Amino acid sequence: MLIVHVHVRVKPECVEAFEQATLDNARNSVREPGIARFDVVRQADDPTRFVLVEVYRNADAPAKHKETAHYAKWRDTVTPMMAEPRSSVKFANIFPDDAAW
């Protein structure tokens with residue numbers, strides 16, 4: 001398992017549009033066989049900050065995800081909405097074990 005937290009800060013006037021585009025991407029992403037979870041969360045005290053929690057079943061799944069039409073549409077749609085470039089942090093799974101995802 002590979003867990004990626006993608007941190008995004010959007011322009012205040014783009015929060016709603018970013019959220020809608022990201023939900024569309026997430027709903028399509030969870031249908032990919034290599035994705036175990038794709039969560040979208042917004043910071044409680046700053047609605048311009050989001051974290052995408054992407055849980056991949058194997059090391060090849062992120063690259064396959066980036067080849068999908070829904071990812072390309074999301075990337076192209078939200079890039080101008082961002083107040084700064086997105087960043088990500090990769091994690092290894094500890095608990096629950098991989099079979100429980």
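The model is a predicted one, where local features need pLDDT of at least 70 and side-chain atom pairs count only at pLDDT 80 or more, while totals for chains, interfaces and linings use all residues. Residues are numbered from 1 along each chain as its sequence is written, and side-chain values use heavy atoms, with hydrogens and water left out.

Let's start with the sheet. Helices (H or I, at least four residues) and strands (E, at least two) are DSSP runs, numbered from the N terminus. Four strands make up an open sheet in the order E2-E3-E1-E4, and their pairing is antiparallel; two strands count as paired if DSSP finds at least two bridges between them. The edges are taken by strand E2 (35-42) and strand E4 (87-92), each of which pairs on one side only. On average, neighbouring strands of this sheet are turned by 15° against each other, direction ignored. (Axes are lines fitted to C-alpha atoms, for helices over the stretch in contact, and angles run from 0 to 180 degrees between N-to-C directions.) Strands of a sheet pair through backbone hydrogen bonds, either parallel or antiparallel. Strand E1 (residues 2-9) pairs with E4 in the antiparallel sense over six bridges, and Leu2 stands opposite Ala92 in E4.

Now for the helices. Helix H1 (residues 15-29) lies across E1, E2 and strand E3 (49-56), and runs at about 165° to E2. The axes of H1 and helix H3 (residues 69-78) come within 9 Å and cross at roughly 165°. Contact here means heavy atoms within 4.5 Å. On the H1 side, the residues making the contact include Phe18, Ala21 and Thr22, and on the H3 side they include His70, Tyr71 and Trp74.

The structure holds six salt bridges, each being a side-chain nitrogen of Lys or Arg within 4 Å of a carboxyl oxygen of Asp or Glu. In one of them, the side chains of Glu84 and Arg9 meet at 3.1 Å, N to O. Glu84 lies in the loop between H3 and E4 and Arg9 in strand E1, so this pair ties together parts that are 75 residues apart in sequence. A cis peptide bond joins Phe95 and Pro96, with omega about -5°, and Pro96 sits in the segment after E4.
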